[in-house]
Amino acid sequence: MKEKADKLFINGKIYTMVCEGDCAEALAVRDGKIVFVGTTEAGLAGFDAAEVIDLAGKTMLPGMGDAHLHFYAYCQTLTTVDLGIATSKAQALQLLRDKAAETPEGEWIRGNNFDQSKWEDSEDVIPTRHDLDLASEKHPIFIKRVDLHSGVCNTKALEVAGIGKNYEFGPGGVVELEADGTPNGIFREQATGIFDKIIPDPSKIPEVKEQLMLKALAKASHDGITSIHTYAADIWKYTEDFDDYLALDRQGKLPLRVSIYLDTYYEKPYITKKEMEDPYRKVQYGGFKSFCDGALGSRSAKLFEPYDDDPNTTGILVAPPEELNERVLKAYEMGLQPATHCIGDQGLDVVLGSIEYALAKSREHGMTEREQADRLPFRIIHAQMANDEMIERMSKLPVVVDIQPTFYCTDLHWIEDRVGAERAAHSYQWKTYQEHGLRLLGSSDCPVEDFSPWIGIYAAVTRCDTKGYPEGGCHPEEKVSVYDAVAMYSKNIPYGTGDEDYLGTLEEGKFADLIVIDRNVFEIPEADIINVQVEKTYLAGQEVYSRA
């Protein structure tokens with residue numbers, strides 16, 4: 001007698017991702033879970049399905065994920081001037097000028113995603129208030145760099161914010177000054193939060209917020225994303241609200257799974273085994289986020305030695321090491337998974353020290369080895385620069401590393417100028433990390449980069465920019481295989497939240513989060529990976545996106 005199924009997919013190339021090359025023809029779904037993976041013949045013989053879907057040779061994969069992004073922050077950027085399209089300073093200023101022309105005098109203009117390293121008509125130097133004054137002197141203007149770690153305002157914005165000569169922000173941020181003590185308009189790290197507090201945010205209006213979230217969620221489904229780990233950043237007023245996602249879920253409007261990481265301490269709700277096994281449960285808390293340093297693009301990532309293209313700085317530690325140690329320890333002992341941002345080599349050294357401190361101190365406080373082994377791994381976010389000694393330290397710690405291969409599409413053009421050839425060679429070492437047993441989780445850090453996983457997979461495999469430069473890739477010895485790159489965005493993602501028993505691979509008993517793509521990512525030329533299009537996205541066996 002045949003078993004019942006809700007859906008039976010047949011005649012496909014179904015890559016389970018259990019191991020490299022493992023491929024089936026058919027897959028059956030019942031009550032949100034996979035109940036069969038095998039041949040088409042066996043599937044048709046064994047299941048009476050309400051819907052039989054002939055894949056006609058198309059490729060199926062597990063749903064894709066993003067291990068580190070700021071989803072609500074991305075929604076907020078949809079209300080601002082997108083400067084990411086600007087290839088010159090002149091174009092960026094014109095975009096702001098156009099916005100000023102349609103904005104009542106005195107109202108704020110906000111821009112996001114500028115990247116001065118891509119401007120063809122100027123040096124790789126962050127603009128100042130004098131540049132933004134050319135866009136408008138009658139509107140307060142504030143723009144943020146693509147990495148979010150630096151911002152620039154015009155003179156009018158300084159006046160509105162009440163920031164005058166010889167202004168000092170204090171620890172964790174910098175307000176740059178001109179020779180006479182007047183702020184030059186550049187704000188770094190936590191100092192950018194000055195404007196986040198005073199600029200009106202239209203996304204706070206409930207109706208607007210929902211519209212923005214639905215637009216962003218639709219793009220995620222279009223890209224084949226079925227799970228995200230989204231991070232709040234209070235220093236920039238990037239909030240994440242559990243109830244926002246839960247409300248959408250209750251309305252049947254949430255097409256993916258959400259794990260929320262906060263940067264404030266909280267009591268994490270206990271999840272029962274029954275809840276863990278429910279394929280229709282979509283929203284949960286993740287862990288606790290901390291910042292250690294800034295970003296290379298803003299020259300605020302903390303380095304041991306000065307930047308090659310700015311010998312006057314080694315970057316910024318957002319918090320003293322002693323303070324970070326205690327933050328990580330407190331979160332760990334509260335049962336919150338510590339997840340810490342670090343990009344520079346000294347930044348990574350400080351973060352590794354905080355993990356070692358938390359493990360040692362918690363043992364002193366009575367935590368057993370078994371209890372530590374049962375905890376979720378520490379998450380290291382970015383870890384872009386690492387010497388051999390640091391990699392060895394990482395390999396001995398209970399960590400996962402959230403990497404952003406898409407960063408390299410931009411950074412490869414200037415990383416040697418920024419930190420020199422030797423340190424550049426010790427950056428973005430994905431293959432080396434893997435060889436040392438580190439599990440890499442793919443992500444975008446959106447809105448820093450587009451959250452399409454296909455750009456990230458392409459970058460990890462080719463180590464080229466989106467136009468295929470340089471031929472053969474930059475530091476090609478650090479390329480990873482297509483399988484390993486796809487694994488970063490699929491089977492590796494659930495390890496970050498302890499959900500690997502339910503997600504990440506296409507196996508019987510796991511949740512039916514699936515995608516169908518328009519070409520076989522394992523057979524096409526590597527350069528073609530960036531062109532992959534998703535044809536269908538399913539969450540718990542329910543179709544949430546169709547290209548047709």
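Which cysteine sulfur is closest to the sulfur of Cys75? The closest one is in Cys446, at 8.7 Å, too far for a bond.

## Basis of the model

This is a predicted model, in which local features need pLDDT of at least 70 and side-chain atom pairs count only at pLDDT 80 or more, while totals for chains, interfaces and linings use all residues. Residues are numbered from 1 along each chain as its sequence is written, and side-chain values use heavy atoms, with hydrogens and water left out.

## Cysteines

A disulfide is a covalent bond between the sulfur atoms of two cysteines. Here a disulfide is counted when two cysteine sulfur atoms lie within 2.5 Å, and the count is zero. For Cys19, the closest cysteine sulfur belongs to Cys23, 11 Å away, which is too far for a bond.

Cys75 is buried, with a relative accessible area of 0%, whereas Cys19 is partly exposed at 41%. Buried means under 20% relative accessible area, exposed over 50%, and partly exposed in between (1.4 Å probe, protein chains only).

## Helices α7 and α8

Helices are DSSP runs of H or I with at least four residues, and strands are runs of E with at least two, numbered from the N terminus. The axes of α7 (residues 206–222) and α8 (residues 242–250) come within 12 Å and cross at roughly 75°. Axes are lines fitted to C-alpha atoms, for helices over the stretch in contact, and angles between N-to-C directions run from 0 to 180 degrees. The two helices, α7 and α8, are therefore roughly perpendicular, a term for angles of 65 to 115 degrees.

## Asp501

Asp501 sits in the loop between α18 (482–488) and β22 (514–517). Asp501 is exposed, at 56% relative accessible area.

Definitions and conventions: Parallel < 35°, antiparallel > 145°, perpendicular 65-115°, else oblique.
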